[in-house]
Structure formats: C-alpha cells, structure tokens
Amino acid sequence: MFRISKTFRNRLERIYLFANTDYYARYYGSKLGILWAFLKPFFHIMVLYVTFSYLIFRQRDPHFILYLFTGIITWQYFSEMTNTSINLFSKQRNILQNSDMPKIDLFWALLGSKFWGYLINFMIFIVFYVVFFNPVFSLKYFFLIPVWLGLSMFSLGFAFYLATFFIYLRDLDHLWSIVLMAGFWMVPIIWNYKILEDTYQFMNYIPITAFLIDIRQIVLHDELPNMHYLVTALIVSFLIAFTGYIFMQRKSKKALEFL
Amino acid sequence: MDNDIAIKLENIQKTYILHDRGNTIRDRIFSFVCGKGKRKLLALQNIDLEIKKGEFFGIMGRNGSGKSTLIQIMNKSIPPDSGGKVCVNGKAMRLALGVGFNSELTARQNIMLNASVLGMSISEIKSKMDAMIAFAELENFIDTPVKFYSSGMKSKLMFSIAVNAEADIFLMDEFFGGVGDKNFREKADKVFHDRILKGKTIVHVSHQVHTIKKYCDRVMLLDKGRIVAIGPPKEVLKLKGAN
C-alpha cells in the first residue's frame, strides 16, 4: 500500500515539476522574469480599455471590454494548450527515450501549466473588474468550476489528437494555426453571442462556444449558465478527451521511431 | 518469469518503416494515392535472451547492428513487432550521454526534472542536490542554461544524476567510459564500481573492448540484427576478432 502511494506521490511531484518548469521557462532570461506573467495580461486589458473607451467605439457599452477580455483569455487558454501540445512528444523526446514515464503525464503537466496561466489572466481581469466596474460576486461563480473543467477536458482532448497526429504529419502546426485563426472569428469572442439565439442555435452545441457564453453569463451578467448547453458541452468535452486519450495511447507507441 | 531473471526477451523482432517521401500532409496523400514511398528495415530478428539479476551484460556489434534498438526495447520506449515479448523485473533506466536535458533550462532545473523522471522525490532531490552538483564539479555554472555547456559538462551532469538515481537495471547506451576528462573518469569509475555495480543489473552497450573485458560477465555479439554469439567476454571477443 505504501509502495503504491509513494509511486503515486512521485508521479504527482513529477507532473508538478514539469508543469512548473514549462510555466516559468518562458520567462527565463528576461530582466523582469515572472513579473511578465502579471504584466502581460495587465497591459493587454489596459490596451483594450484605452482602445475601446477613448479611441474607437466610444459610444459602445463600456462592459464590452470585459466581454472581449474574457473571450480572449479563454480562447488563449485553448489556443496555447493545443498549440504547445503539437510538438510535445518531440520536445520531450529525450526524456521519453530514457525512461518509462507515462506519456499522459506530459499532458497533465501541460494542462497544469496552461491552466495556471489562465487563472493568472483571470485574476488580473477580476482586479480590473473591481477597480473600474461594479461587479456582483455571487454563489453563481461556483458554476465556473464545471465550465473550466469542461474547457480543460475539451482542450486536453484536442491536445491528445494533435500531439499524436504530429508524429505522422510534421506540418500539422501550420494547418492548426489556420484552424485557430478561423476559430477565433467563428466563435463569439468579439461578436455578440446573442446573435446565436435566433440564427445559429446549433453553435451552442460546440463546447468552446458554450463555455465562452457560460463564463460571460456567470461573471458579467450574474446569471446561471444554460444547463442544457452546459451539460451537452461537458459530455462532448469528456468524450473528446476520452477518445483522444485512447487514440494517443494506441497510436503514439511508435512516436520515438518517427520523431 | 523466474525471480532471479532481470530481463527476458522472447522472439523479439523489430521492423522500422522508412518513409522516403517524408512526413508532411502532402507526402502522406501522395503515398496513399500512389501506394509507394515506404521501405521496411529489419533492425532485429529472432532475439531470445535472458539476463540474470546482478549480471553485467555486454552488447557489442557494428554500427547499425541493432544495439541501441535492443536497449530501447528493453527500456520499453519503443515496442517490438507483434509476437515479441519483453519482461523486465524492476525499474529500468537508460543512460546515454548528453541526452535527457532541456537545453533552455539551467543545470539545476534539469537535475530536478531528470532525477524526478528517474524516480526520486522532490525532497530526495533537494537533499542530494548539493552532492550532485559537487560531484559533477559544476558549482559555478549550476544556474547557467545547459545550452551554454560543453559536451563534457553535460556528460558529467548526467553521470552525477545517474549515480544518485534509483533503478534496478541500468541500460547503458555507449555511456560508460566516455565521461569528462581523465580525472573525472577515474572518479566516475570508482563511484560507479562502488555504488552501482553492487546488486544492480547492468546492460552495457559499447565498442570499447577494455570495459567489456573489465566488467562484463557475459557478452552478446550482434550483427545485422541477429545474435551471432553469447558467452564469456574472452570467447566472444575472440570470435569478433578484437583481441
């Protein structure tokens, strides 16, 4: 029993170390170091604030900046998670070659690192929200937990597929960057999701759309998410993650031979 | 598998598929439509082998004879063809010089990651960190990214991590004997002999006749993926024409 728990603890520690290293690695060598993790989202939201409050769209609802920023950081989480996953096996080739470390641990670490980045962005958003607006904090915020869980599973599922396909298709990263660019404009990040209610209702069944809408409803409107769409999005996300995992386990056995 | 056996390989065969066209989406479509562009390379054939616990087992052979492929199959980092069976009794660890490091990270961070992958807990790594740094003689460069290290410095660092790692079976792929300068090699040799060889199973891939002669209990000679001979070093080396 002790043996099992020690092995499991070591595994968790290893995932933590990989996630931690991945997160902090991007700030090595810069003078301000980890401070950039806070400065970047801060300046990002300030740029949006100045742009949309003073330069263009001056007549627009000031809440639009909040709408936009929640959309951007949520999309950024999905985008960074999937983009980084593409060359995950090739980046960690040396580690995989020298040990019997389960491949899924690399994905857990990636998820941990990117989700931590997302939380910091979200925290900066909340600070901005409190300083410049009058937010209502209610128990409805607890609904962010299933939404974030679903969003993470959705991203993880894509990460499994992309990392595995990249073993056999080395220019997948270029193709994926086009998909992400198209996705940015196709899901309601910039445009108002209310359009979907009348014309494009089917889009509510796309998990990333449903999660984006849910986050805005909880945080900006103090409303409960639409349970029908949330449950559907959760089921679809878990299915994508599960099938992605099976696919990765089966098809990545020969990863080291191709990379 | 018997309890005194560390590694057992049955009917191991390994075929690599070589893609002449490459691995892009366009190449895949062309290969699919034209049905060409693939070649098979038989890297290992009919390998049956048992290595006992505590044994120092050498593997020799020319470049391309299948030594590294075999080590990676023992390490389970690549699978054999269907029908082959790999049984490993205990935790195996592959040691190869200069690999395993993320060049963007500092030596300290690489120690944390590599030692963790090799089964050490964070508290263990932290308690042994100073000893590992001192052993590698890298006190002044420990927070320098590994990309600025020479190959000798990387080798010392990897060796230092390896001697502190927990493993029952060490799979040494051209690892031993190539570490650092003469002084460090002598120190490494002593530590290796005192600390690792006792009770551990070693599979040692090498071209160096003197380490094979000095340490190995048995040696296997590979040629074009097949076993040519297995036996005491003297006999196998004689067959190889090396002594």
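Here is a list of stops, each with something to select and something to look for. Keep in mind that you are looking at a predicted model.

**Stop 1: chain A as a whole**

Select chain A and switch to a cartoon view. You'll find twelve helices and zero strands there. Now look at the overall extent: the C-alpha trace spans about 60 × 45 × 45 Å along its principal axes. How does the radius of gyration of chain A fit with that of a compact globule? For 259 residues, such a globule would come out near 18 Å, and chain A has 20 Å, which agrees. Buried residues account for 49% of the chain. Of the contacts in chain A between residues at least 6 apart in sequence, 77% join residues at least 24 apart.

**Stop 2: a buried asparagine**

Next, pick A:N121, in helix 6 (residues 103-132) of chain A. Buried or exposed? A:N121 counts as buried, because its relative accessibility is 12% and the cut-off for buried is under 20%. Leave aside the neighbours within four places in sequence, and A:N121 is in contact with A:P41, A:F69, A:I73 and A:Q76.

**Stop 3: where the chains meet**

Show both chains now. Along their interface, 30 residues of chain A are in contact with 30 residues of chain B. Together the two chains bury about 2800 Å², with 55% of that on carbon and sulfur atoms.

Which helix gives the largest share of the side of chain A that touches chain B? That's helix 1 of chain A, with ten residues. By class, this side of chain A has 14 nonpolar, six polar and ten charged residues. Even so, the count of salt bridges across the interface is zero, and one residue pair is in polar contact there.

**Stop 4: salt bridges within chain A**

Side chains of opposite charge can pair when their charged atoms come close. Over all chains, the structure holds twelve salt bridges. Start with A:D222 and A:K140, whose side chains meet at 3.8 Å, N to O. A:D222 sits in the loop between helix 10 (207-219) and helix 11 (227-251), and A:K140 in the loop between helix 6 and helix 7, so this pair ties together parts of chain A that are 82 residues apart in sequence. Then select A:R11, A:R14 and A:D105, which are linked in a network of salt bridges.

**Stop 5: over to chain B**

Select B:E50 and B:K8 for another salt bridge, at 3.6 Å, N to O. B:E50 lies in strand 2 (residues 38-52) and B:K8 in strand 1 (residues 5-19), so parts of chain B that are 42 residues apart in sequence are tied together.

Now go to B:A136, in helix 4 (residues 122-136) of chain B. B:A136 is buried, with a relative accessible area of 0%. Not counting residues up to four places away in sequence, B:A136 touches B:K156, B:L157, B:S160 and B:F184. Draw a distance between the C-alpha atoms of B:A136 and B:S160: they are 24 residues apart along the chain, yet separated by 5.6 Å.

B:K156 counts as buried at 11% relative accessibility, whereas B:E137 is partly exposed at 37%.

Methods: Residues numbered from 1 in each chain as written. Chains lettered and ligands numbered in written order. Predicted model: local features only at pLDDT ≥ 70, side-chain atom pairs only at ≥ 80, totals over all residues. Heavy atoms only, no water. Contact = heavy atoms within 4.5 Å. Buried area = accessible area lost by both parts, 1.4 Å probe. Salt bridge = Lys/Arg side-chain N within 4 Å of Asp/Glu carboxyl O. Polar contact = N/O pair within 3.5 Å; in protein donor to acceptor, adjacent residues only side chain to side chain. Helix = DSSP H or I, 4+ residues; strand = E, 2+ residues; numbered from the N terminus. Nonpolar A, V, L, I, M, F, W, Y, C, P; charged D, E, K, R; others polar. Rg over C-alpha atoms; globule rule 2.2 N^0.38 Å. Buried < 20%, exposed > 50% of the residue type's maximum accessible area, 1.4 Å probe, protein only.
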